[in-house]
Amino acid sequence: MNFLSNLKLGRRLALGFGLVLALTGALAFSAYVGLSDTHDDMATVTGNTVPSLQVAAELKALALNLRRYEYNHLISKDEAAMKEMDGLIAKTHTDFKTTFDAYEKLVSNDTDRALWQAAHADSDRYMAQWKEIEPLSRQNTEESIAKAEALMTGESRKAFTSLVDNLDKLWKFN
């Protein structure tokens with residue numbers, strides 16, 4: 001403290017002001033670095049995480065709609081209603097493929113890729129089940145409807161449940 005007491009008042013004030021200025025500069029630099037990190041994190045969130053979540057949610061909505069359309073096809077009694085469901089099912093299959101392709105561009109790492117591949121394989125397996133069910137549904141006889149219902153509640157349900165579970169995992173990962 002002897003050093004400070006030997007300084008004149010003007011020099012002590014200048015030293016104090018310089019110290020405050022240096023601390024303010026250090027604080028400003030620290031804030032700049034922190035904001036830069038925050039900016040990078042926000043770029044990741046807005047550039048990948050949010051779009052991935054949107055696509056994963058869209059995939060699940062498509063899966064749920066597809067299941068509903070298939071059941072509506074199964075309970076339809078007239079050709080016009082079946083054709084309407086055929087159109088919705090075909091459109092949903094196309095939308096599913098397009099949406100899966102969109103998600104592939106958002107895959108961020110190996111875990112994400114493995115989840116995407118598992119969900120994609122499940123969707124292929126699930127959609128293949130409809131190829132067996134649709135002709136039975138179209139026949140619209142008691143026997144064919146019973147067979148279609150057995151498939152819908154058997155292998156098709158397992159494939160659907162696995163698909164939805166993997167889409168949930170994809171959502172939770174992001």
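**The nonpolar core and its surroundings**

Tutor: Let us begin with Phe96, which makes contact with Leu59, Leu62, Ala63, Ser123, Met127 and Leu163, leaving aside residues up to four places away in sequence. Please keep in mind that the model is a predicted one.

Phe96 belongs to the largest nonpolar core, a set of 31 residues, and is listed with Phe100, Tyr126 and Leu167 as those with the most contacts inside this core. The elements that give two or more residues to the core are helix 2, helix 3 (79-104), helix 4 (110-139), helix 5 (142-153) and helix 6 (155-173). Helix 4 gives the most, with eight residues. As a general background, nonpolar side chains in soluble globular proteins tend to be buried together.

Helix 2, which spans residues 9-75, also holds Ser52. With a relative accessible area of 0%, Ser52 is buried, because buried means under 20%. Beyond residues up to four places away in sequence, Ser52 touches Tyr103, Leu106 and Asn174.

Consider next the loop between helix 1 (2-6) and helix 2, where Leu7 is found. Leu7 has 18% relative accessibility and therefore also counts as buried, since the limit is under 20%. Its contacts, again without residues up to four places away in sequence, are Arg12 and Leu15. From Leu7 to Asp86, the C-alpha to C-alpha distance is 92 Å, and the two residues are 79 residues apart in sequence.

Key. Residues numbered from 1 in each chain as written. Predicted model: local features only at pLDDT ≥ 70, side-chain atom pairs only at ≥ 80, totals over all residues. Heavy atoms only, no water. Helix = DSSP H or I, 4+ residues; strand = E, 2+ residues; numbered from the N terminus. Buried < 20%, exposed > 50% of the residue type's maximum accessible area, 1.4 Å probe, protein only. Contact = heavy atoms within 4.5 Å. Core = buried A, V, L, I, M, F, W, Y, C linked by side-chain atoms within 4.5 Å.
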